[in-house]
Amino acid sequence: MNNDVLQQLANILGKGDILTGAAVAAYEFPWETHSECRARAIVFPRSTEQVAAVLKLCNQLRQPVVPFGGTTNLVQGCATSDDDIVLSLARMNEIEQLDVAERTLTAQAGMTMQAAQEAAAAAGLYFPLDIGARSNCTLGGIVSTNAGGTKVIRYGMTRDSVLGLEVVLADGTVLTSMNRFIKNNSGFDLKQMFVGSEGVLGIVTRVVFRLASKPTTQHVALLAADSFEKVVEMLAVAQGALPGTLTGFEVMWNSFYERAVVPRGRLPAPIEPGACCYVLIESMGTDTAHDQSAFEALLETLIDEELIVDGVMAKSDREQADIWAIRDEVEPVLKQAHNFDVSLRSADAGKYLEALVRKIPQRVSNSEVVGFGHLGDNNLHVSVQLADHSAEQVRTVEEIVYDELRPFNGAISAEHGIGIEKRAYLHVTRSDAEIALMEKLKRTLDPNNILNPGKIVSIT
Ligand SMILES: Cc1cc2nc3c(=O)[nH]c(=O)nc-3n(C[C@H](O)[C@H](O)[C@H](O)COP(=O)(O)OP(=O)(O)OC[C@H]3O[C@@H](n4cnc5c(N)ncnc54)[C@H](O)[C@@H]3O)c2cc1C
């Protein structure tokens, strides 16, 4: 049967659009949380029709299929076994339409976020999402994870910018729902069921994104505070002072900042490490005179109210990029760590992190807790540096991280999703009834459990 599947797949696809054997193992993941790729084959369809034909065949043969976008997810959402077929959207990466008047971008799901950002900018518009993995992550991937990122405080999550979708269901049915309107209440908004569903309900092949006005002003400052309580006050002041133009409020505890900048890290330090917390504040707008004075007035208020102990405002594009580079310097933090992505009330994030900093090293030797995140969106990233990544140590860390979250009614995933990594803890955030409905939806749409099996929920 093995060769039979491969032969039938080859009949569907173009020459060179299927990899097998050693070529599968040689597949390069851009982000090394994955080990070697294991799969029966990797297929690269070039059209929705080919995706539909592949799924129809695989469904008939009960053949598991794992969708690959840019494979930058951080929750083992693209984990595979030797028996899987990988379906990569990499060769479906064309823009179909950029409608300037209607401010929409219609594209195939394999297009990268960066390519979408550049296309929107070239048309005088703005793609409303940004994340550090922008050069690799794809439109289908960010839709399937409902990605957040650094502009959520202004533009919302991916879900908020998706107007239309085309999805291929497990049996090969093509669900074309390429709505382009801001308002469309014609029955159920089915696309929202697929946003954030991590490839377990269908494969996204095309997307309509809503674009925003291109900002013409940008102001960035890096500020240091001597307590987390002051950071929370800063957030409230910034939200009041920059209505509609606050685009970033990123917090980095010193444990993150000192790993990014010299002497411990590699980037120049615009302000000295060693304070409690560092905050990157960004505003973007279209009113040159007003935006600059509003941003400067905010900084003066923060100084007058003694909410900051140090700070620098970027005076050029280069200095802005240098400050953002510090926040994007996640590799030294994420690579050796077990990483978490929780959400809770912004005001509770300090107390929560303090509890982890105290409790994890008590039970796990040679560990250190690093905190950073998109505080304006209630989103805290916790990276627990571990010398020993054994299953037992990892489980101990996970139990502490999620047990401590319960009193705050927090969520186990703010933006990265569940994948395999967080499936066992879904009940911390979701009720039995919610999980049962997720399982029912999965069984209904994919009764043979061929689509990304084992991710989010297990229905075996
Ligand atoms: C340096 C770095 C920074 C990051 N920063 C952020 C951040 O700020 N915010 C954030 O939210 N995330 C962040 N991430 C996580 C990651 O970038 C996002 O989850 C992103 O949305 C994944 O996109 P992708 O194309 O790489 O998807 P993949 O990793 O390929 O796939 C993600 C999931 O969706 C499925 N899938 C992929 N494509 C499709 C499709 N077309 N149809 C159906 N299912 C599909 C996959 O099977 C998998 O389950 C970061 C990751 C890195 C490495």
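This is a predicted model: local features need pLDDT of at least 70, side-chain atom pairs count only at pLDDT 80 or more; totals for chains, interfaces and linings use all residues.
Guide: Two strands pair if DSSP finds at least two bridges between them.

Visitor: Fine. How do S6 and S10 pair?
Guide: In the antiparallel sense, over 5 bridges. Within that pairing, Leu105 stands opposite Phe209 of S10.

Visitor: And S5 with S6, how many bridges?
Guide: There are 4 bridges between S5, residues 95-99, and S6, again antiparallel. Gln97 has Thr106 in S6 as its bridge partner.

Visitor: What do S5 and S6 form?
Guide: A hairpin, with 4 residues between the strands. Arg103 sits in the turn and has a positive phi of about 55°.

Visitor: Switching to the ligand. How many residues surround it?
Guide: The count is 37. Closest are Gly69, Gly77, Gly140, Gly141 and Gly199.

Visitor: Which elements give two or more residues to that shell?
Guide: Strand S3 (65-68), helix H5 (139-145) and strand S10 (203-210). H5 has the largest share, 5 residues.

Visitor: What's the shell like by class?
Guide: It has 18 polar, 16 nonpolar and 3 charged residues.

Visitor: Where does the ligand lie relative to domain 1 and domain 2, and why?
Guide: Between them, because both domain 1 (2-88) and domain 2 (95-213) give residues to the shell around the ligand.

Notes: Residues are numbered from 1 along each chain as its sequence is written. A residue is near a molecule or strand if its C-beta atom, placed from the backbone, lies within 6 Å of it. Ala, Val, Leu, Ile, Met, Phe, Trp, Tyr, Cys and Pro count as nonpolar, Asp, Glu, Lys and Arg as charged, and the others, Gly among them, as polar. Domain bounds come from an automatic or database domain assignment.
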